[in-house]
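I opened a notebook page for this model.

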Amino acid sequence: MAGGTPIERGALTHPDVERLSDVNRDVLRALGRPGLGWWALFALAAAGVGLFFGSWGWQLYRGIGVSGLMSPVGWGVYITTFVFWVGIAHSGTLISAILFLFRAPWRQSIYRAAEAMTVFAVMTAGLFPLIHVGRVWHAYWLVPYPNSRFLWPNFKSPLVWDVFAVTTYFTVSAVFFFLGTIPDVAAARDAAKGLRKKLYSVISLGWRGTDQQWHHFGKAYIFLAALATPLVLSVHSVVSWDFAMGIVPGWHATIFAPYFVAGAIFSGVAMVITLTVPMRKIFGLEAYLTTKHFDAMAKLCLLTSLIVLYAYLSEFFMAWYSGEEIERTAFWNRLFGTYWWASWTMLTCNGLVPILLWFKRVRHSIPALFVISIFINIGMWFERYVIVVTSLHHEYEPWAWGVYRPSIVEMGILIGSFCWFGFWFLLFTRLLPPIAIQELKEVLPPPLRKQRQEVHS
Amino acid sequence: MTDGIKRRDFLKVLGVSGAGATLTACSTENVERLLPYVTMSEDIIPGVSTWYTTVCDGCAAQCGMWVRTREGRVVKVEGNPNHPVSQGALCSRGHATLQHLYNPDRYPGPMIREGDVLRQTTWEEAEALLAQRIQSAAGNALFIGGATGPSMARLVDAFVRAVGGRRVQYDALSDAPLREATRIAFGVDELPRYEISQARLLVSFGDDFLETGASPVEHGRAFARMSAADEHGSKGRFVFAGPRLSLTGLNADEWIPIRAGAEAALALGMAAAIAEDGAAAGPYASVVRAYDVRTAANAAGVSEDTVRQLAERFAEGPSLALGPGVGAHHRNATAANVAALILNFVAGNVGRTLHVGGGPNVATRPFSEMEAAIRSMAGGQVGVVMVHGANPAYSLPPSSGFAEAFGSVGFKVSFASAPDETSAMADLILPDRHFLEAWGDSMPRSGVMAIRQPAMQPVPHFDSKQTGDVVLSVASRLGHSLGGATFYEHLRGAHRAMHGSDPAFEAAWREALRSGVSGHDMGGASGPAQLRGPDAALTFDLPELDGDGDLTLLVHPSARFGAGEFANSPWMQELPDPVSKVMWHSWLEMNPRTAEARGIREGDVVTVESPHGSLEVPIRIYPGIREDSVALALGGGHTDFGRWANGNGVNAVTLLPAVSEQPSGAFVTVATTVTVTPTGQRRRTVTNEGSSDQHDRPIAPAVALAELGREPAGEEEAHGELKELQGVGGFVPVPAEGGEPTAFPLEGSRHGNYANAHEARARWGMAIDLDKCTGCSACVTACQAENNIPWVGEQQALMGREMQWMRIERYYEHVDAAEASHLDVRFLPMLCQHCSNAPCEPVCPVFATYHTPEGVNVQIYNRCVGTRYCANNCPYKVRTYNWYRYTDENVPEPMNWQWNPDVTVRTNGIMEKCSFCMQRIREAENRAVVERREDRIPRDGEIVPACQQSCPAEAIVFGNLRDPNSRVSQVVRNERTYRVLDEIINTQPAVNYLKKVTFHEVASGGHD
């Protein structure tokens, strides 16, 4: 490619990119020597990973009793956090697959980070069912495999569906992620030396950038995108059925699947914002992650926020409209019961705060978006907390009502899970090009074409 | 062949080294007590239970017991159906006696105090020391207690006579005022015998006969028979008069919240209304005349109409009035009991529902004799004091001076088998055997005799010796022969004397051991008795209360701890109190309006101050208490009683004066007023009560007596087929409105969890009659004992992690001291409902819970991964989870000897729940096969789950719902039958409840 030739500025998605060669330089710079900021964050994350596994180890040693779980609240922070991370995982595939198929012009700059986020979020989420069960050493019984006991898992149980949903999603999103990185890793390989070069050589699977390779790559990418698209909808639907299939008042509702999918995209996009804002700052990628991208993400947040808010309101409406006293009590209790603060946090963060996104000035302010995205993350965690805990603590049998208080170990694992996720994400920013170079170049106008235009005119 | 090791050589080496390793592993170090079945005992078949009869010594009632042993260890106690007192049932405390047997805090052997430490010694040395000290005391020996059966009492009497000294009977809880009142009024020095089941109107003047009275199991059964609606729609009425609703009170149909101590006034007022001029009251005519209805109503703090109406109904008969029991022993308790007897007399109940004499045996003058003993100890007139079966250092208030007086005695001996506050001060401890390891006899009432026989070899961890043996041995060292070298010989000698010839005695002895009862129960029937004039001064007025506090303190015995002797049983500590539902710690009950007026909330720690002491205790708001009173249960606040008792709660007696009631000599429990001031601290109440209001849900509905038999016939018809299908189990979808129930079983139901249901011969189910259930919680402890259910401790219970498979829910529909005309409390034993359409089953990812063809919802512990989804999806919340290794960590050796070998001991991280006592079902099924019965089905009534077995009220019936002639099917075919929440969520439970029947119209919670 004619690297040094200046490209046209202003008319494109990335007005500040001057040359195609800048893309390689700027993006691959992230893979170079890390700054103090990165090291500080990485040390924090590594410490958090220690906390995570330390807490889990203590729980394994002492018993699940170190959590605050009790009767009637058998699911608490662990399942809340599981659903939270599965939700986060959603927007990655949405951005990379669905938006790819729809040819949304703003996805190129963020999709790599979003996909990485997806993979790491599923890796985090997938640990929580293991953390949560009482006898993790027998958790493999949930997997159907031929055995001498002639025992299969119970395919009626939504938890078995979960096993399939989460493992499928992890496999597909990981393959999708690695496939998409091949040309970029090859570019990094060409710039790297030593161990890194060897690593990249392996990951890039011998990419040479031939026409045939590009042809196959393009086809494979489209097929995988088509394959991943239904997963975006199905996985979180299945997760929602963990609840909807139960008869717990507050769980047993048909709205759960779409409600959870919308919520997942909502939280996932918010998390992409939360992650890309510091990434852009630390690696100096302002030219590639522009307000235009953030504006588009903010609009997606706004849309899903409205869907989620609608779901909240329709749940309350249906509880009232059903005339079922137990259902009504459950939702009354949601707003004014022991856990009123959780519900109001959820409504404020997910329903009220995103109203700000109607304003263009807010959508174009990166600091404002960052703050709002944090609110949404908090709100979406509390949404799951409300669904799981508030519903369980006031069920059918008033005598058995009880109050759950998360323990310090659960908090350690919750915080540790963020660090575990951050740990992988920080490694990702240093090891793989955090922005898709080849796709970015696709949307930049080729300098040759411009020269030819000049000749013709 | 190549070189290297040959196959044959390899095997040789393997064999030799393997055998060597095995031998080493079998080293006899630390296993001194290996007992192989070289000569197998005839009584022991491994895997098969051996049952022995004996008598419970948990309280003075002395219920007959069946003791189940496995491989030589006692694993369960149950009521002996042959015994006229227990009639097959047992209370919670009776079950908990088992934990005294295996109490890890028992003394390891005889102990001698050397300075501040106890040194374990040999029995030889200990007995020699005791003999020497008694000799040097020169006739100044004092023996406190010792009344564990007539033979033992006689032996101790003979002993103190021989060595010079005296015996003082002491019983912290004794119905002495009633005994004294019967003596005064009728000249018979025994408790009267109540025929509660014959009464149609029962009035209790503060007698807590269901939980802590003279014979809770016997009276509980009689009460359930009296008060439950029968097939003719008839039901006895129960009125409770007292300042606080005890468990007995909560079972009443009406509550007359009289002032503390006003029982005599109310009883006499009623007597006056019945016998206008008082002439019928004979020598008490003047008393009755003095208490006309108006005076009585004023004194009691109730309206004249209340007294008059109650009297009118009482006169109709057959009725029965019960005088104040232990929880209402105020300074005029004997007079109040006399008043109740007068009322019974004028209403014509004597000789009909009340028989003079023949009632349970209780101690006489239990405290006034003790007062004299304290004086003589303090006066230095006692050389050696021996304490057996009593713990006065704990159960007497500090102001009694017991501790100082006891401490001043030169040589103090305790026969306590486990530490208590009295033995903590003793110089010599000679640990007695538990009654399940020892011989003895019992006479719960005149005419009824039973032998206590050991059900197992003494627990080897503890070098104990039966006190009867010690007494005989010490006596012989001092040169006295009291008959027999061992207590066993002595006992047989005493019983032989009752019989003429030896062969007759041997047969009678064997029969007494086999059946668990001997002697002839006279039934207490007696002819009409005549009232006698009083030979002691009686005051019928309101009793004096100490201090000028604004609240009356009601101290009552605990349904779980008695007077405190069960406080070291973790089963009892973790059993929610039947009234307050609080576990582990103490609480002060206060009326909500009183609390509101003082700005006190539930859980506020308050200082309770009486003229005699003060305590800090958290508040429990309780609507079933008068606004001018607060209540505190006995049994908490131990300091030297063992790991589970020490430091739990407060000891209520420290607030009380050391006063004995006159003329009965009983300890006064309602004696003082108190002031209550908040400390500003708070403490969360440890309870399993989420809400005491059932929020109008179809959980524990009731039906008015007048409504019985009025259900429109059509409605029953419409659902007839459906109900029947549900009754026999299997998944039956409820048809759409107006549609026919689909053919059973459905095609889809032949698979998965519901496969083969149509082939099963039995559909196990249960019926629980809520009109009989008294909420006594015996079933909860029985279940815990049978099914190896661990306790979790106070902190875990506070988190809501208690493990009991059963709980008694207590919903208030109408409890209000301000307008307590009709009382409506719903007790609901809640256990796994074994739903035909169980929400827990489909959600388990690994089939750890599934449905047997016989309709039992079972939990496979080994398969459970611990996702807890089943518990979340259980609408009844009857699944409990092992959050820790409770069975390892909480159950020290030898407490684990109690584990039932037929039931898996569960570990960390798995779910468990009621199994309908599957092990008992299997046992009966196996028996049916072994006995080569034609159908190989257990007979109806052969399978009795632990809860049913224990229930004094006969409220629980288990059996085959598919057999239309089984007892459970017959009970279920009742218009009162309903299934909890079934109409809302179609769970189709196998547990059928029969609604409670009320006299008043059901205003709320009816839902039908």
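How many helices and strands are there in chain B? I found 30 helices and 36 strands in chain B; helices (H or I, at least four residues) and strands (E, at least two) are DSSP runs, numbered from the N terminus.

The model is predicted, with local features needing pLDDT of at least 70, side-chain atom pairs counting only at pLDDT 80 or more, and totals for chains, interfaces and linings using all residues. Residues are numbered from 1 along each chain as its sequence is written, and chains are lettered from A and ligands numbered from 1 in the order in which they are written.

I looked up burial next. Of the 1008 residues in chain B, 60% are buried (20 or more other C-beta atoms within 10 Å of a residue's own, with C-beta atoms placed from the backbone).

Then I turned to the contact between the chains. Chain A gives 40 residues and chain B gives 43; two residues are in contact if their C-beta atoms, placed from the backbone, lie within 7 Å. On the side of chain A that touches chain B, helix H5 (158-191) and helix H10 (325-336) of chain A each give two or more residues.

Last, I checked strand S9 (residues 201-204) of chain B. B:Leu201 and B:Val203 on one side are buried, and so are B:Leu202 and B:Ser204 on the other. S9(B) runs parallel to strand S10 (residues 237-241) of chain B, joined by 4 bridges (strands pair if DSSP finds at least two bridges between them). B:Leu202 stands opposite B:Phe238 in S10(B). S9(B) also pairs in the parallel sense with strand S12 (residues 319-322) of chain B, over 4 bridges. There, B:Ser204 has B:Leu322 of S12(B) as its bridge partner.

How values were computed. A residue is buried if 20 or more other C-beta atoms lie within 10 Å of its own, exposed if 12 or fewer, and partly exposed in between; C-beta atoms are placed from the backbone.
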